[in-house]
Amino acid sequence: MYHEIVGSVTPEERDTIRQIHYQRLALYDLINVLNDRCRETEHLDESLYQRIVKDLGRANAEFESWWRAKSSAYKWKNIPDGHWSVDFDTCEVILERKEAK
């Protein structure tokens with residue numbers, strides 16, 4: 001796995017992306033719970049599911065927008081098939097890529 005520190009963000013920027021990240025995780029978890037419940041009961045609360053999907057779409061758009069804005073402002077290195085992440089403890093931005101198997 002490729003792993004390189006390519007920059008950093010401010011604590012406020014870190015807090016913003018961390019909040020978006022955890023919101024996305026929570027929404028994915030809710031979808032999984034609803035899917036599991038649907039398999040058990042063969043009933044899906046369609047309106048709740050649609051609201052979660054809509055919120056997830058907004059969160060994903062916000063996530064992508066944050067990364068585009070920050071990568072443009074800070075001019076972080078990028079590589080094909082790579083992605084950035086933020087170390088929430090240090091505020092470092094890490095460029096990663098999983099190696100092909």
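Among contacts between residues at least 6 apart in sequence, 62% join residues at least 24 apart in this protein chain. Keep in mind that what we're looking at is a predicted model.

**The overall picture**

The chain's secondary structure comes to two helices and three strands. Reading from the N terminus, the order of elements is β-α-α-β-β. The radius of gyration is 17 Å, well over the 13 Å that the globule rule gives for 101 residues, so the chain is more spread out than a compact globule. Along the principal axes, the C-alpha atoms fill a box of roughly 50 × 35 × 20 Å. As for burial, 28% of the 101 residues count as buried.

**The sheet**

Let's take the strands next. The three of them make an open sheet, ordered β1-β3-β2, with antiparallel pairing. At the edges sit β1 (2-8) and β2 (83-86), each of which pairs on one side only. From one strand to the next, the twist averages 30°.

β3 covers residues 92-97, and its antiparallel pairing with β1 runs over six bridges. Two places let you follow that pairing by eye: H3 stands opposite E96 in β3, and S8 stands opposite E92 in β3. β3 also pairs with β2, again in the antiparallel sense, over four bridges. Here W84 has L95 of β3 as its bridge partner.

The hairpin of β2 and β3 has five residues between the strands, and C91 takes a positive phi near 70° there. Another positive phi turns up at K75, which follows α2 and has a value near 55°.

Buried positions in α2 are I52, L56, A59, F63, W66, W67, K70 and S71. These buried residues pack against α1, β2 and β3.

**Three residues worth a stop**

| Residue | Relative accessible area | Class |
|---|---|---|
| I17 | 2% | buried |
| E13 | 14% | buried |
| G82 | 24% | partly exposed |

I17 lies in helix α1, which spans residues 11-41. Which residues does I17 touch, not counting those up to four places away in sequence? The list is F63, W66, W67, V86 and F88. F63, W66 and W67 are among the buried residues of α2. With a relative accessible area of 2%, I17 falls under the 20% cut-off, so it counts as buried.

E13 has its place in helix α1 too. Beyond residues up to four places away in sequence, E13 touches W66, K70 and Y74. With which side chain does the side chain of E13 make a polar contact? The partner is Y74, at 2.7 Å between the two side chains.

G82 sits elsewhere, in the loop between α2 and β2. Where does the 24% relative accessibility of G82 put it, buried or partly exposed? G82 counts as partly exposed, because 24% lies between the 20% and 50% cut-offs. Leaving aside neighbours within four places in sequence, the contacts of G82 are L95, E96 and R97. Two of those names came up with the sheet: L95 is the bridge partner of W84, and E96 stands opposite H3. G82 and Y2 are 80 residues apart in sequence, yet 8.5 Å apart in space, C-alpha to C-alpha.

Methods:
Residues numbered from 1 in each chain as written. Heavy atoms only, no water. Buried < 20%, exposed > 50% of the residue type's maximum accessible area, 1.4 Å probe, protein only. Contact = heavy atoms within 4.5 Å. Pairing = 2+ DSSP bridges. Axes fitted to C-alpha atoms, helices over the stretch in contact; angles between N-to-C directions. Polar contact = N/O pair within 3.5 Å; in protein donor to acceptor, adjacent residues only side chain to side chain. Rg over C-alpha atoms; globule rule 2.2 N^0.38 Å.
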